[in-house]
Amino acid sequence: MAEEKEEVFETQSADGAEVRETDIVFDCPHCSKTLVIDYRGAGLQINCSECGRDVLVPIPDGMELTDLDMDPGEILKQLFATRRNYQKAETSVQGLKARLVSLQETLAVMQQVIAEGLADE
Ligand SMILES: [Zn+2]
């Protein structure tokens, strides 16, 4: 396990690990264990901390490999902005879905009322 803190990027099991907002979380293709690695490990080939086999760390959406040559602060800003936008989009999609469902329910009730009204005449 990670007993020393040096500039070597290691995976750790996501179970019980403190995952920083900048960490990359992905599943090992061999043992399908959920792994966590520092964002600077993106695109690197590392060993899975669980099964020890070679794993290619995925590059997060919105992050280019060339970004790794950029100033880390700049990358973090981009990464955070991307994640924030994604979360906002998710939230608004969920809100719209909820509204759609309630509109559909209202519509169903109205159709019912109309159908009953027509039947009464
Ligand atoms: Zn593995």
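Which pattern does the protein chain follow, read along the sequence? Then please turn to Ser32: where is Ser32 found, and does it count as buried or exposed?

Modeller: This is a predicted model, in which local features need pLDDT of at least 70 and side-chain atom pairs count only at pLDDT 80 or more, while totals for chains, interfaces and linings use all residues. Residues are numbered from 1 along each chain as its sequence is written.

Read along the sequence, the pattern is β-β-β-β-β-α, that is, five strands and one helix. Helices (H or I, at least four residues) and strands (E, at least two) are DSSP runs, numbered from the N terminus.

Three of the strands form an open antiparallel sheet in the order 1-3-2. Strand 1 (12–13) and strand 2 are its edges, each pairing on one side only. To pair, two strands need at least two bridges between them in DSSP; strands 1 and 3 have two, in the antiparallel sense. Gln12 stands opposite Val36 in strand 3.

Ser32 is found in the loop between strand 2 (24–27) and strand 3 (34–37). Ser32 counts as exposed because it has 10 C-beta neighbours inside 10 Å. The cut-offs are 20 or more other C-beta atoms within 10 Å for buried, 12 or fewer for exposed, and partly exposed in between, with C-beta atoms placed from the backbone. Of the 121 residues of the protein chain, 10% count as buried.

The backbone of Ser32 also deserves a note. Most residues other than glycine have a negative phi. Ser32 is not a glycine, yet its phi is positive, about 50°.
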